[in-house]
Amino acid sequence: MNNKIIQKNLQSNIWKHTVYLITNKRIFSAILGAYYLTIQNVTAQSIGTILLAGSLAGFLFEIPSGYISDKIGHKQALIFGKTALLFSSLFFLLANNILLLILGSVLMSIGYAFFSGTGAAFMHETLSALNKEEEYIQIMGKMRSIGYVVPIIFVALIPFLVNIDIKLPFVVAVGLDIIGLCVVLTYVVPQKSKKQIEEIGITNFKQVLKKVYKIGFFRYTLFLGIMSGFLFSVIGFRAAYQDFLQIPIIYYGIFVGISFVLASVLTVFSGKIKANITLKSLFMFQIVIFTFLFLLLGVISNVWIIISIFILIMGLQHGLRTVNGGFMMDKLKDEKFKATISSIGEQISKMTTAVIGFGLGMIINYFSYKIGFFSLGIAFCLILIPIYIYIFRSNTKRLYYKN
């Protein structure tokens, strides 16, 4: 095939993956916690159980999914993941008991397990084949920005949809998942050299895990995984807490839409942010800002401040994801098993969400939301600061890290 045609076909992966990112957004996440509470016998403690089940599923599938992706191909893994997300949306739509909610949560975690690491690895290979590897963070930043901006349109529809039927946002999600599945089926797979294929064929799973420790990557992914798990736990109770505060559910989509705008702006400038900050400073900033916001949730009673805090948490979490990922991809650019190695952080995140989410549900059920969030802030700080010190003291001594 003519080289220009090959390049053009590969170029199409950029807009296709942008569409894929758009359809991966769970527009119903704005009301999910409140939706759980509309199902008979579901309580705040039940939400913790649902988070536990979903996170454990993500934990069990995360690294195997990355390894399978590297073995069978990133496109095939993304197809499988999108199919899981489609069935997840269907289970949520049809849910009339906690079992179906758990199945929906489990399939959603499995779907994201086959996307995390794999999506980034696939696009990294695509851009490398297009000789645009150095533009990775800028291009991914723009793609993810669009991936947040466009869903705002669907999120804005949530008040109207909920007024008609609270299940309608899940109907829209099913439609978007079908579109996403159709798009990923048309992905163009970058060609690998014969040497790369042979290396993937003879490398076993145990060797890949040893590689993670050898290159000093585990310490970074431990920090990001634990931080992500805490954030997902808080977001998992956002809608339920807003429901407890008697905030009308029709506004939930607006709040999520604002957080998507913040995430989009940060993502657009992810390249500039990365160029003007060190990894050390980025990690410390996230420890300070998220600890402060968690503790604030534990002492503030003003509804509008609470809403603003949740908007900030969600916006910063998603907005800084590309910057965090860009630093990590720099460390993995010469590695063949990018999806497998990247999945380790997601596995840590899922395990953290399982433990923290279940614990938070118990504290809320027996005490209060405020005590739960305040306790979370203290735990977040106490766990991540020692890891931060370990990372950068160790790096200074071993010259793994450069400012």
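Buried means under 20% relative accessible area, exposed means over 50%, and partly exposed lies in between (1.4 Å probe, protein chains only). This is a predicted model, where local features need pLDDT of at least 70, side-chain atom pairs count only at pLDDT 80 or more, and totals for chains, interfaces and linings use all residues. Residues are numbered from 1 along each chain as its sequence is written, and side-chain values use heavy atoms, with hydrogens and water left out.

Start with Cys182. Its relative accessible area is 47%, so Cys182 counts as partly exposed. Now select Cys381. This cysteine is partly exposed too, at 22%. A disulfide is a pair of cysteine sulfur atoms within 2.5 Å. The count of disulfides here is zero.

Next, the charged side chains. Side chains of opposite charge can pair when their charged atoms come close. A salt bridge puts a side-chain nitrogen of Lys or Arg within 4 Å of a carboxyl oxygen of Asp or Glu. How many salt bridges does this rule give? Two.

Select Arg26 and Asp177. Their closest N and O atoms are 2.6 Å apart, in a salt bridge. Arg26 sits in the loop between α1 (3-24) and α2 (32-36), while Asp177 is in helix α9 (residues 168-184), 151 residues apart. Helices are DSSP runs (H or I, at least four residues), numbered from the N terminus. Arg26 is buried at 7%. Asp177 is buried at 0%.

Lys82 lies in helix α4 (residues 74-94), 95 residues from Asp177. Are Asp177 and Lys82 buried or exposed? Both are buried.

Finally, show Arg26, Lys82 and Asp177 together. They are linked in a network of salt bridges.

Technical notes:
Helices (H or I, at least four residues) and strands (E, at least two) are DSSP runs, numbered from the N terminus.
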